[in-house]
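Grab a pencil and work through these exercises with the viewer open. Try each task yourself before you read the solution.

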Amino acid sequence: MGQDIERIEQAMRNNPKGVRFRELCRLCDHYFGVARQAGSSHRVYRTPWPGNPRVNLQSDRGKAKAYQVRQVLKAIDMLKEKKAKETEE
């Protein structure tokens, strides 16, 4: 993982408010791949597990909504946990 992605992720964990929408999209692109839907202010990313397999993002005047940042971080944690379990087996 690039240091830039790590820096963005850590900054979001420290303060989910005031995050740039563009940076949140970069983080999602890194972990989840290209957005399934990518309008100018709306993006939908698929996640690799069953259930509710998507992360839905909307820009609020260039900023990400704090609750969406928390959702993305939770999804990233789940993804990391899944990969850790797979490497243990």
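**Exercise 1. Work out how helix α2 packs against helix α3, and which residues make the contact.**

Step 1: Find the two helices. Helix α2 covers residues 21-32 and helix α3 covers residues 66-88. Helices here are DSSP runs (H or I, at least four residues), strands are E runs of at least two, and both are numbered from the N terminus. This is a predicted model, where local features need pLDDT of at least 70, side-chain atom pairs count only at pLDDT 80 or more, and totals for chains, interfaces and linings use all residues. Residues are numbered from 1 along each chain as its sequence is written, and side-chain values use heavy atoms, with hydrogens and water left out.

Step 2: Look at the angle and the distance. The axes of α2 and α3 are 11 Å apart, and the angle is about 20°. An axis is a line fitted to C-alpha atoms, for helices over the stretch in contact, and angles run from 0 to 180 degrees between N-to-C directions.

Step 3: Under 35 degrees is roughly parallel, over 145 roughly antiparallel, 65 to 115 roughly perpendicular, and the rest oblique. So α2 and α3 are roughly parallel to each other.

Step 4: Check the handedness. This crossing is left-handed, meaning the near helix is turned anticlockwise from the far one by less than a right angle (clockwise would be right-handed).

Step 5: List the contact (heavy atoms within 4.5 Å). From α2 you get Leu24, Leu27, Cys28, Tyr31 and Phe32, and from α3 Val69, Val72, Ala75, Ile76, Leu79 and Lys80. Sorted by class, that gives 10 nonpolar, no polar and 1 charged residues. For the sorting, Ala, Val, Leu, Ile, Met, Phe, Trp, Tyr, Cys and Pro are nonpolar, Asp, Glu, Lys and Arg are charged, and the others, Gly among them, are polar.

**Exercise 2. Describe how α1 packs against α2.**

Step 1: Start with the geometry. The axes of α1 and α2 cross at roughly 120° and come within 10 Å. That angle makes α1 oblique to α2, and the crossing is left-handed.

Step 2: On the α1 side are Asp4, Ile5, Arg7, Ile8, Glu9 and Met12, which meet Glu23, Leu24, Arg26, Leu27, His30 and Tyr31 in α2. Sort this contact and you find 6 nonpolar, 1 polar and 5 charged residues.

Step 3: Zoom in on Ile8, which sits in helix α1. With a relative accessibility of 2%, Ile8 counts as buried (buried is under 20% relative accessible area, exposed over 50%, partly exposed in between, using a 1.4 Å probe and protein chains only). Skipping residues up to four places away in sequence, Ile8 touches Glu23, Arg26 and Leu27.

**Exercise 3. Is Arg61 buried or exposed?**

Step 1: Arg61 is in the loop between β3 and β4 (63-64).

Step 2: At 83% relative accessibility, Arg61 counts as exposed.

Step 3: Check the backbone too. Arg61 isn't a glycine, yet its phi is positive, at about 55°.
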